[in-house]
Amino acid sequence: MIKSIISALGFFHRGFLIMAGFALCMLFCACVLMLPVSQNGGAHLSFLDVLFTAVSVISVTGLSYIDIEKEFSLFGQIFIMIMSEIGGLGIVTAMAVWGISTGKRIQLRERLLIKDSFNLQTPSGVVWLVKRIVTTTLWIECISSILLSIYFVPQYGWKGIYLGCWYSVASFCNTGFDILGAEGGVAGLMSHPYPLIIIYLTSLLGGVGFLVINDVIDKRSWWNFQLNTKIVITTGLFLTVVSTVAFLCLEGENPASMAALSWPDKVVNALFMASSSRMSGFSMVDMTALKPATLLLMIALMSVGTGPVSTGGGIRTTTLAVLYLSTASWLRGRHQVVVYHKRIPMQVLYKALNIFFIYSGFVFLTTFAMLVCNTGGFSFGQILFESVSAFSTVGLTAGVTAQLNTSCKIILMIAMFIGRVGIMTLSIVLGDRRKRNLQFPEENISIG
């Protein structure tokens, strides 16, 4: 049904079609979760609560104030897991997979749609890329599910297999939905490094991006990797090391977080927090117990997010790297940005700067709107944390989501929607694509 509706909108701009696909999928998910069969004890949740959860699922944010295990039936939980997979891969990718599996030939318009959804340069090879993405995803999630089941089965019996599948999908798709919560979920694994490392590695693979994974599988040599792959890996590694050390210094002796852990467990938990802040959004400790400096660091990490063409959000690690390299080159008086003996085109620099500016503008507008509508007396830091988490599709919360009024929840849903659709897709929709050959006279202005 959804595919037919989206196909009927084919005369619209491709960017609008992508946004419509996500919106319709979110609405469909909410309608299914409203059914009595999806909820424990019949349909008793309000539509706003279910819609908020649906938007969080499809946008792979994981920002929710509903206890999924208690409020939703097994059918509803499995449906959420499936929709998280669709949201992580992307609506267009899911449609392409359906078309390929039914033997349907992928037309040029559909190839262009896939290109736009992945922010690729050309539609060449997109069908092969979709097949590779699905195959890689299934293999990673299958291996992760088996490894996690080894831990969960001795504790929960055969339910442990289901939990292994759930946390595998939640990790790779970076949704961060913790189905067990404080009773035995990620928050209860602080002294169990084995499952934490598996969840960390799974979310890492989902966060580096499909292009990087494919490049590593094909090339298998650092010297042959594409420049995009090298930048994603080095930037991600730098952020991980620096933020892990920072979390150790800030929270290592905090009695409310990691003070009671052994030194090896502190390292694993700090590493997990560093990863979760940029990718999966799994909450290890009570956010209200963290130091203000820790929360500020997490806001910065959430803003950066994951690699391009991944299941995460944020401005992306490549955007941060390009902005840093451009600034470093400018300070040194260089007119070109060179990294790994390759020159970055000026067009890429403009794109990175625009993405950063638009992202900052959306975060400002979201925070400003929530502060105006805020009736719960929450602090500026708490509102900013929720705004960045929603727009970066991370899903961490400062513990105020459930207490927000209706207006603030609607604002967060809009932020999650735009964050999942992506700034590049939004620019395709709003941009003027008409070719203009006019050349205007140039004049310098004072800067700084």
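Tyr-340 sits in the loop between β1 (338-339) and β2 (342-343). Strands here are DSSP runs of E, at least two residues long, and helices are DSSP runs of H or I, at least four residues long, with numbering from the N terminus. This is a predicted model, in which local features need pLDDT of at least 70, side-chain atom pairs count only at pLDDT 80 or more, and totals for chains, interfaces and linings use all residues. Residues are numbered from 1 along each chain as its sequence is written, and side-chain values use heavy atoms, with hydrogens and water left out.

Most residues other than glycine have a negative phi. Tyr-340 is not a glycine, yet its phi is positive, about 50°. Val-60 is not a glycine either, and its phi is also positive, about 50°. Val-60 lies in the loop between α3 (47-58) and α4 (68-71).

Accessibility comes next. Buried means under 20% relative accessible area, exposed over 50%, and partly exposed in between (1.4 Å probe, protein chains only).

| Residue | Relative accessibility | Class |
|---|---|---|
| Val-60 | 1% | Val-60: buried |
| Tyr-340 | 34% | Tyr-340: partly exposed |
| Gly-176 | 10% | Gly-176: buried |

Gly-176 belongs to the loop between α9 (159-172) and α10 (193-208). Because its relative accessibility is 10%, Gly-176 counts as buried. What does Gly-176 touch, not counting residues up to four places away in sequence? Ala-170, Ser-280, Gly-281 and Phe-282. Contact means heavy atoms within 4.5 Å. Val-394 is 218 residues from Gly-176 along the chain, and their C-alpha atoms are separated by 7.7 Å.
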